[in-house]
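Here is a short report on helix packing and salt bridges. Look at the structure first, then read on.

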Amino acid sequence: MKFSGTANYVATQDLMLAVNAAITLQRPLLVKGEPGTGKTMLAEEVAQALGMPLLQWHIKSTTKAQQGLYEYDAVSRLRDSQLADIDGGQRVKDINNYIVKGVLWQAFTAEQPVALLIDEIDKADIEFPNDLLREIDRMEFYCYETRQLIQARHRPLVFITSNNEKELPDAFLRRCFFHYIKFPDAATMQSIVDVHFPGLKKDLVSAALKTFFDVRNLPGLKKKPSTSELLDWLKLLLAEDISADTLQTQDHKVAVPPLVGALLKNEQDMSLFEKLMYMQRNNR
């Protein structure tokens, strides 16, 4: 299996090499990068390109590693035991009826190789990655309730994303192949825009990209606009039929772009931007 990009996802050469290295090594691909740089979409596109079903596990602050393996619904079993007269208690006798299979169990027992996305692993408790060490390394786990050893029929292609909110344990990192998605340069961003907005007027794309990078490069921004926010902004520009002339200034200085709320997402950055505009006006 080799990944060489897709028509819907612009993958740089180093990113394709990272995906293929993880496939060769049969290790999870740990992907980091700014929010909005396409980490989650990478797993979706690789799975589609390789013809593999994709299972997704979106991590929250309350997520526990055990939920990815299985959960035992003891409450439902107790309730059914109290209503045993309905079916003679046959359902209660089989504990498998109360085992809720997690995404790892589903991935391990799938009939064909699958891709597995563990999304935003850094949101969970610091012990979460450590609790998955054995399962990710050996591709097996034990279900104590049913006394089964669940082993992977096929090793899944695992993608793990992180926004770097927490440091991951060294023992966990050792089991992964790591890649950091750099923020796209102007040429790569142009290709991304062309994929999502084919046929868009060149003068509008050029003006929008210049404005976007001008805003992004402002010093002191708390949250820089991302690729996904650029695409949202372009969609709005098209919906409002805003021309390239509206985005350009004669002196080539940073100007307040229309619909700037698609790019700047907090009052601190908006205030900083307004102060910069005020300083520019006074320096003319």
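## Two packed helices

Helix 10 and helix 11 make a right-handed crossing (the near helix is turned clockwise from the far one by less than a right angle). Helices here are DSSP runs of H or I, at least four residues, numbered from the N terminus. The contact (heavy atoms within 4.5 Å) involves Ala186, Met189, Gln190 and Val193 of helix 10. From helix 11 come Val205, Leu209, Phe212 and Phe213.

Helix 10 covers residues 186-196 and helix 11 covers residues 202-216. Their axes lie 11 Å apart, at an angle of about 130°.

## The model

This is a predicted model, in which local features need pLDDT of at least 70, side-chain atom pairs count only at pLDDT 80 or more, and totals for chains, interfaces and linings use all residues. Residues are numbered from 1 along each chain as its sequence is written, and side-chain values use heavy atoms, leaving out hydrogens and water.

## Salt bridges

A salt bridge puts a side-chain nitrogen of Lys or Arg within 4 Å of a carboxyl oxygen of Asp or Glu. The count by this rule is 9. One of them joins Glu34 and Arg216, with the closest N and O atoms 2.6 Å apart. These partners sit 182 residues apart, with Arg216 in helix 11.

Another salt bridge pairs Lys265 with Glu229, at 3.2 Å from N to O. Glu229 belongs to helix 12. Its relative accessibility is 7%, so Glu229 counts as buried (under 20% relative accessible area, with a 1.4 Å probe and protein chains only). Lys223, Glu229 and Lys265 form a network of salt bridges.

Note on methods:
Axes fitted to C-alpha atoms, helices over the stretch in contact; angles between N-to-C directions. Buried < 20%, exposed > 50% of the residue type's maximum accessible area, 1.4 Å probe, protein only.
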